Amino acid sequence: MTKTKTVSMASAALGRRTFLKGAASTCLFAATMPLGSRIWAQSGQTLRLSAYADIDALDPAFYQNGYNVDVMNCIYTKLIRYKEGREWDWELESAEEIEQVDDTHIRFKLKQGLQFSGGYGEITAEDVKFSFERAILHDSPVKSDWGPLDHVEVTGRYEGVIVLKEPFQPIWTIALPYGTGHIVSKKAVLDATDDGGNFGMTPPVFSGAYVLAEWKPNQYVRLTRNPAWTGPAPGFDEIRILPMDDTKTAERAYEAGGLDFTQITLSSLAQYRQDPPANTTIKEYPSLSYVWLGMNLDNPALQDKNLRQAIQYAINVKQIVDAAYFGEAEPATGLIAPGLPGHRDHSAIPVEGDLDKARAFLEAAGGPPSQPLTIDALNATVWTTMAQIIQAQLGQVGIPTQINVQDSGSFWTLGMESEGDRWKNMQLVLNRFSMLPDPYYATSWFVSDQVGVWNWERFSNPEFDKLHEQALRETDPDKRAALYRQMQGIMEQSGAYRFLTHEGNPVMYRDSLEPALRPDGLPLLPRFSGSV
Amino acid sequence: MIYYAMQRFLLSVLIVIVAISALTLMLHVVPGDPATMMLGARATPELIEQTRVAMGLDQPLPVQIVTFFGRILQGNLGTDVFTGRDVSDIVFEQLPYTLVLIAVSILWSATLGIVLGCYSALRAGTWLDTLLGILSVGTISIPAFVMALYAVLIFAVSLDWLPAIGAGQGFFGGAVHLILPAFAIGISWVGYVARMVRASMLEVMGAPHVRMARSFGLTEARIVRVYILKIAVQPAVTLLGTGVAHLFSAAVFVEVIFARPGIGALIVSSVNERNYPVVLGAVLVTTAIIVLATLVSDLVVALLDPRQREAL
């Protein structure tokens, strides 16, 4: 009663001055309190992170791009998965046991009791067979992940044998633990698609720790716990993935408290290392991707191997990496990144190049080309910076160049014969391919069959092709690694390649979070734990 | 007036047709194949070719344009090559975010710009007028994306007052998430409108009908409101009508910086992916909106000014 009275009196006495004083105090209070963190506070068990693009393919047999696979890892299970940590390895997920019986047979046994969502029942070997074979049956663009898969033989409700036409080592490093290895329900997919083909963006069933609760295109993907999941409970009730194609935007979002985990750019790394955001851990991981300067062997201006070698030796990779990646990336010695079988400790051409040798090769080539050579590059700062440094370095020995900057849509079809005659005019090209954790994935783009498709240098070497096939079948890890080292040597000797860097993949996250990351720093979301 | 409106409407339809035809032509001139982009690195050439045929990209260009307009007449904008979703669903899902952003930006910047322009004109030559002039030119010269970056760094990162990313949920969440993007886009328009209104008011203030009003002893407030501002605001209305196109452009950067959904970000990503159906659908809708905004601003000016009406 007294309280009511006091308020009433105060209200009665509210004059203009009192109101202004009150308003000023309120504004001052509002200005000093962290409104952002109060009003838009993150919920206790929602993990928020960014992805560099919005999802656009959720059928594992037709997957494209890593950002889709990150979501698939959450909503589907697979026989084996990548181990978290600093070294590439795999571990069991839905398989109770799995073994290579001989070069072409892999026997697996599923854990019992694993359930599909939506009442589609238990995951069986029949579902595994359906999931794996449909990529080939429906001519998926990623059917090559399965290599020479012949069929999957079902030997029991939970047991089966993966039968290959010939040995294929990448089945353990790419096919089974990555995109195509995810398991979907045969019944659910047939109900949804009739023929078992691509179900696109509408998964008819979930088999992983999470379900796709909501997708707001260009806004977020919301994953919530799968009530049918019988495996280890995931660390968060909800995962929210926000598409941000600019990593700098993700950095600002993290700083403003909008994200709990994000990749960061190499250009920001030094600054974050020196002055990290509050309660933040920063970790650096090597990337698997590879960047190189390629030379079109079929272009008349680059026919002379001496000229190509002059270009190789004139390029100081250390300078390029220091300038374009702010000293935060290491020079590459080949296609294959450290940590993968076949990585080379040294390249044949010194990282710093050798200007004297470059001049000698140029003289042997009869001097610099009469017309400037073109360098094609993507229209992002890092590529234009690299192209400009290469231009300056080649200029040091007298090789004139001209930089052609292109948008991604134009650039990524530059060397394709199906896109007209542009490949004929292409000379030097600054290129970057992303990579999966098997050396085969790198060398497969440079075999003769790929000339005019993704092999833009038009490099064709029978020995290289033979070694590539041999390495696919080689079961001895040391011998396999030696084959890949040999192949990179052949590429380098052709004069068509100057390997530049594998870039890097730094991440930052809240101290209280325990992220599960692959050796290349990419997230394994269902295994994130801790709190945010 | 009705004849004028009809005439403008037909002209608008023609502009949309020309714009879309030109865009289709440009999309096919620039290199980059949507089928290749869609299927990714490991697709076989045969599969790429099959997909091109399925998308109608093997047809001659005029056939593709006619097919596109034929589909529009049936209310079908096509299908997104990546997700298989209807383009109309995608475009109309994203469009409201951009429209609200632009509407709020125009609303606050025009309101403030008109007030400041009036104030400057009424106190022309004073130090306040000079200060407002400097501030106006200052805001005009700052690009929206620079303003957006600093707005995020100051109000979201350093002060933690406002959210940095996204569009928010619910009315309150949406409103709060609009503050920084609308500020970034609208701030330069405050300067534009203020300078425009000031110059226009100074001109009108010396007009015979204003002198006449003063001689009749009308109050200054009434003269400004009824006889000056109504005329002086017309150039600003025209400016805002044509400025919708610029606001769409500014929205592209701002949507990227604030990771907001919207038609601008959609067009940029679709162009990069050579996702032609989405590009064409989105540009068709935005062109129609821009043409409509120009038409509306002309009609508003005609409504405000009897001389314009009589001239129609």
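# Worked exercises: sheet, helix packing and interface

Within strand 18 of chain A, Phe433(A) is the bridge partner of Tyr290(A). The model is predicted, and local features need pLDDT of at least 70, side-chain atom pairs count only at pLDDT 80 or more, and totals for chains, interfaces and linings use all residues. Residues are numbered from 1 along each chain as its sequence is written, while chains are lettered from A and ligands numbered from 1 in the order in which they are written.

**Exercise 1.** Determine the sense in which strand 15 and strand 18 of chain A pair, and over how many bridges.

*Solution.* Helices (H or I, at least four residues) and strands (E, at least two) are DSSP runs, numbered from the N terminus. Two strands pair if DSSP finds at least two bridges between them.

**Exercise 2.** Give the strand order of the open sheet in chain A, and explain why strands 17 and 19 each have a side without a neighbour.

*Solution.* Step 1: the five strands follow the order 17-16-18-15-19, with mixed pairing. Step 2: strand 17 (401–406) and strand 19 (497–501) of chain A are at the edges with a single partner strand each, so one side of each has no neighbour in the sheet. Step 3: from one strand to the next, the twist averages 25 degrees.

**Exercise 3.** Describe how helix 9 and helix 11 of chain A pack.

*Solution.* Step 1: axes are lines fitted to C-alpha atoms, for helices over the stretch in contact, and angles run from 0 to 180 degrees between N-to-C directions. The axes of helix 9 (residues 305–314) and helix 11 (residues 355–364) of chain A come within 8 Å and cross at roughly 165 degrees. Step 2: helix 9 of chain A is therefore roughly antiparallel to helix 11 of chain A (a term for angles over 145 degrees). Step 3: the crossing of these two helices of chain A is left-handed, meaning that the near helix is turned anticlockwise from the far one by less than a right angle. Step 4: among the residues making the contact are Leu307(A) and Tyr313(A) of helix 9 and Phe361(A) and Leu362(A) of helix 11; two residues are in contact if their C-beta atoms, placed from the backbone, lie within 7 Å. Step 5: by class, this contact has nine nonpolar, two polar and one charged residues. Ala, Val, Leu, Ile, Met, Phe, Trp, Tyr, Cys and Pro count as nonpolar, Asp, Glu, Lys and Arg as charged, and the others, Gly among them, as polar.

**Exercise 4.** State how many residues each chain brings to the contact of chain A with chain B, and which helix of chain A gives the most.

*Solution.* Chain A brings 39 residues and chain B 43 residues. Helix 3 (35–39), helix 7 (247–255) and helix 13 (408–411) of chain A each supply at least two residues of the side touching chain B. Helix 7 of chain A gives the most, with four residues.

**Exercise 5.** Is Asp139(A) buried, exposed or partly exposed?

*Solution.* Asp139(A) lies in the loop between helix 5 (125–137) and strand 7 (149–154) of chain A. A residue is buried if 20 or more other C-beta atoms lie within 10 Å of its own, exposed if 12 or fewer, and partly exposed in between. Asp139(A) has 14 C-beta neighbours inside 10 Å and therefore counts as partly exposed. Although Asp139(A) is not a glycine, its phi is positive, about 50 degrees.

How values were computed:
Parallel < 35°, antiparallel > 145°, perpendicular 65-115°, else oblique.
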